Amino acid sequence: MQPDPLNGQAQQERPAPGAGEGRPPEPVTAVPTTLVDRVWDTHVVASLPGGYDLLHVDRHLIHDLGGPGGFREIDKRNLEVRSPMLTFAVTDHCVSSETGRTDASTRPGSLLLPLLRDGCRRSGITLFDIDSPEQGIVHVVAPELGIVLPGTLVVCGDSHTCTNGALGALAWGIGTSEVAHVLATQCVVERKPPQCRVTLEGALRPGVHAKDVILALIACYGVDGAAGHAVEFTGPVVSAMDMEARMTLCNLSVEFGAKFAMIAPDTTTFDFVAGRRYSPAGEQWDQALAAWRTLATDPGAVFDLELAFEVSSLAPQVSWGTNPGQTVAVDATVPEDNAYMGLRAGQPIAGTPVDRVFIGSCANARLGDLLAAADIVRRAGGRVPASVQAWVVPGSQQVKAQAEALGLREVFEAAGFEWRQPGCSMCLATNEEYVGPGERCISTSNRNFVGRQGPGARTHLASPATAAISALRGVIADPREAE
Amino acid sequence: MEPLRVVRSVAVPVLMANVDTDVITPMRRIVGRSEHPLHHYAFEALRYLGGDGDTGRPDPAFPLNDPRYAGASIMLTGPNFGCGSSRETAPAAIAALGFRVLIGPSFGDIFFNNCFQQGVLPITLDEAVVEGLTGELTVEVETQTVTAGSTTVISFELNPLRKACLLEGTDMIGMSLGYADRIGAWQDRDRVARPWAWETLA
Ligand code: SF4
C-alpha cells in the first residue's frame, strides 16, 4: 500500500514569510526546534567525534535478564556504580507468573535473580524484587511509580524502553555493554537520530484501540516505516488518548523501525504523573510543571520525515504473519500463504481456531487494557472453551491489585481465564512459559517473530479486546460483536 | 580488547535476509544450562542437522561448516542482519567464533552498535557489492577500505569515534570514563536547575 503523507498540510502550518509584518518584532528566537531536540540538547555532557554525544541518563532501569551482565562487566573492570540513586531494578523477564512462585520456579530465575539482587545490594540500587508489592514489568512499573518523568532521559537494556516516551521522556533500549557503561558513567553515547513526525488524524470507532492503530500504521508503512528515526506522535488521536493508550502506541514504535518515540506532555500527562511515589511534589511540582510545559515542538520545525495516518475507518487488527507489519483488519482475509503460521491466502482471519490467549506484556497489561478485555467478557458472555488456555498476566502488582479491587479477577476467572502473577510471561518465553510447537496464540504482546513465544509457536498480535473475544469464542473474533 | 587494524581473510557468505539475534544466539541457550559455551550454539537452527547443537552434526550445507572457509574472520551478511531483540550475546558469539568484520547491506540498529563493543567491525556496502565479494579480502580500518583480490578497492564509512576505539582496542566505557569530571559538573548544575529530577529519589 502506498503511504499517503500529509506533507502539504504540515508545511501549511509553518508561518508564511512576512506573516509578522506590521506587528512589533517578535523576540529573536533560534531556529524552531522539535520536542526531541529540546530534551536531547539539555542532556549533552560533551560532544564527541563523529557526531556522537555523551548524554546524561536521568533514569536507568535494569531487569533480571540484562542487569546481572551489567554488574559482571563493571566488576570485571573494578568499576563502581556512579549514581546508584538514578538506577532502578525490577524482576520481570525471568520470573514465573504462577501463584506461589519463587526464584526456583524457573531455571533462568534461579540463576539470574540472585545475581541481580547481589549487584543491587552491593551498589545501593533500589530493587523491586519478586515479592515486592511494586514488582512488575519494567516499562509498566517505571511510569506507574513516577520514576519516569517528562523531560527525563531514560535508558534500559530492553528494546521496548521506548514505551516511556509516552510521558514526554527521551527513552530508548540499550545493549548489555551499554548497561555497564551507564552503571559506570551515568551516561550513554549516542548520535541524535533523524526525526519523523507521525500525525494521527481522525477519531477511533468503538472497539478500536491504540494497539489497532499502531499495528495498522506498521502494516501501512512497513516494519521499516520509521527506520532509525526518532518519532514524535502527534495529532487529535494522540491528544484524545489516555496515558496507557499512548504507552501502547510508543511501545510498538520499535516494531515500526523507530529508534524511539515521544509524545509531547500535556495535561493528560501531568495528571498521570501527579502524586506518584517518585513524582515531585509541592514547590518542586510547580517547578517541574513549568519546565514540562515548554516541552513541545515549535511551529515550523522541520522533520526529516513526515507521515500521516487517518484512523477513522480503522477496524480492529490482527497479525497473520511473522512480523508485526503482516497485519490485517479482523474482518479481512489472509493476503498470502504462510506455512509457519499454517494459513492460506484468501482464508478469513476471523474464525481461525486458537489454542492459547495471552493478555499481558508491556504493550497491553495496564489497568485500562484489563478493563477493556473485561468489558468484552462481560458484554459477550460465555466461557473460554476447554480446548483453549487463556491467561491474563497483569503488568504489575499495582495493576493486579487495582484490577482485583475493581472485581476484574472474578470477571476473568468466572469466564475461564487464568489470573496470574505479574511479569513478562509468555511475551518472550524466557521464564519457561511457552506456547507449544504449532500452537496458535492470540497475544496482546508486541512481537510475532518465528519462535518468539516458544519454538514453533504461532503468534497473532491483537488488542486486549480482540484477544478477550477470541478467548471466549475459541477462534479469532471481532470485538465489535460484543458492542 | 585487541586493536583492530588490518584483517586479511576469506569471507564466509551468510547471505539470507533478516537473520535476527535469536537465530544468532537462541534464548534457550542463553538462559539454560548448556554443555558448551554459547558460541557453540551460534546460528544453531541453521548450523546443525536437526537444528540442535547438542545432538546434531554440523550441517554441511551451512557456509560456516564449509572447510573452504575454516578459520575465516570476515563474514558477508544479508540485509537486516542482527535485527530483533537487543541481546548483546549475538555479536559476542560472533566475536567468539573468530569474526572481526561483518560486511552486509544493512544491520539491525542495536546489533550494529553492539558489534563495536565486542571489537567487531560491521561494514555497510551495497547488496550487489557484498554479493560480488569472493576470495580473500583485506579490510583496513585506518584507510576504511576493503580490498578484494589485488585490484578492487572499496571504501566504507566508519564513524571517527568508533574508528578511534577500534584502532586503540578500547571501548566506549574506557572513552567515557575520561569525561568523569565533566559528568560530575553536569550533575552539579542539574541538581540546581532541575531539583525535581533528583530530590524524590534521595
Ligand atoms: S513484556 Fe515482553 S516486550 Fe515487554 S519488557 Fe517483557 S519481554 Fe520485553
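**Exercise 1. The ligand shell**

List the residues around the ligand, sort them by class, and say where the ligand lies relative to the domains of chain A.

*Solution.* 
Step 1. Work in the predicted model. The residues around the ligand include three histidines, A:H93, A:H139 and A:H160. The cysteines A:C362, A:C424 and A:C427 are there too. A:I137, A:D158, A:S361, A:L428, A:N446 and A:R452 complete the list.
Step 2. Sort by class. The shell holds five nonpolar, five polar and two charged residues.
Step 3. Bring in the domains. Chain A is divided into domain 1 (55-191), domain 2 (195-276 + 285-310) and domain 3 (319-482).
Step 4. Domain 1 and domain 3 of chain A both give residues to the shell, so the ligand lies between them.

**Exercise 2. Domain 1 against domain 3**

Describe the interface of domain 1 and domain 3 of chain A: how many residues are in contact, and how much area is buried?

*Solution.* 
Step 1. Start with the centres. The C-alpha centres of domain 1 and domain 3 of chain A lie 27 Å apart.
Step 2. Count contacts. In domain 1 of chain A, 29 residues are in contact with 23 residues of domain 3 of chain A.
Step 3. Take the area. About 2000 Å² is buried between domain 1 and domain 3 of chain A, and carbon and sulfur atoms give 52% of that.
Step 4. Find the main contributors. On the domain 1 side, A:S97, A:I137 and A:H160 lose the most area to domain 3, together 30% of what that side buries. Two of these names, A:I137 and A:H160, also stand around the ligand.

**Exercise 3. Chain B against chain A**

Work out how chain B meets chain A, from contacts to elements.

*Solution.* 
Step 1. Count contacts. From chain B, 40 residues are in contact with 59 residues of chain A.
Step 2. Take the area. The two chains bury about 4200 Å² between them, 61% of it from carbon and sulfur atoms.
Step 3. Count pairs. There are three salt bridges between chain B and chain A. One of them joins B:D109 to A:K259, the closest N and O atoms being 4.0 Å apart. The polar contacts come to 13 residue pairs.
Step 4. Name the elements. Among those of chain B that give two or more residues to this side are α2 (27-31), α5 (109-117) and α9 (180-193). The largest share, seven residues, is from α9(B).
Step 5. Class the chain B side. It has 18 nonpolar, 13 polar and nine charged residues.

**Exercise 4. One bridge in detail**

Explain why the pair A:R77 and B:D171 joins two chains.

*Solution.* 
Step 1. Check the distance. The closest N and O atoms of A:R77 and B:D171 are 2.4 Å apart, and the two form a salt bridge.
Step 2. Locate both ends. A:R77 lies in the loop between α3 (67-76) and β4 (87-90) of chain A, and B:D171 in the loop between α7 and α8 of chain B, so the pair joins two chains.
Step 3. Over all chains the count is 36 salt bridges.

Technical notes
Residues are numbered from 1 along each chain as its sequence is written. Chains are lettered from A and ligands numbered from 1 in the order in which they are written. This is a predicted model: local features need pLDDT of at least 70, side-chain atom pairs count only at pLDDT 80 or more; totals for chains, interfaces and linings use all residues. Side-chain values use heavy atoms; hydrogens and water are left out. Contact means heavy atoms within 4.5 Å. Buried area is the accessible area (1.4 Å probe) that two parts lose on being put together, summed over both. A salt bridge is a side-chain nitrogen of Lys or Arg within 4 Å of a carboxyl oxygen of Asp or Glu. A polar contact is a pair of N or O atoms within 3.5 Å; within protein, one must be able to donate a hydrogen and the other to accept it, and residues adjacent in sequence count only if both atoms are side-chain atoms. Helices (H or I, at least four residues) and strands (E, at least two) are DSSP runs, numbered from the N terminus. Ala, Val, Leu, Ile, Met, Phe, Trp, Tyr, Cys and Pro count as nonpolar, Asp, Glu, Lys and Arg as charged, and the others, Gly among them, as polar. A residue is near a molecule or strand if one of its heavy atoms lies within 4 Å of it. Domain bounds come from an automatic or database domain assignment.
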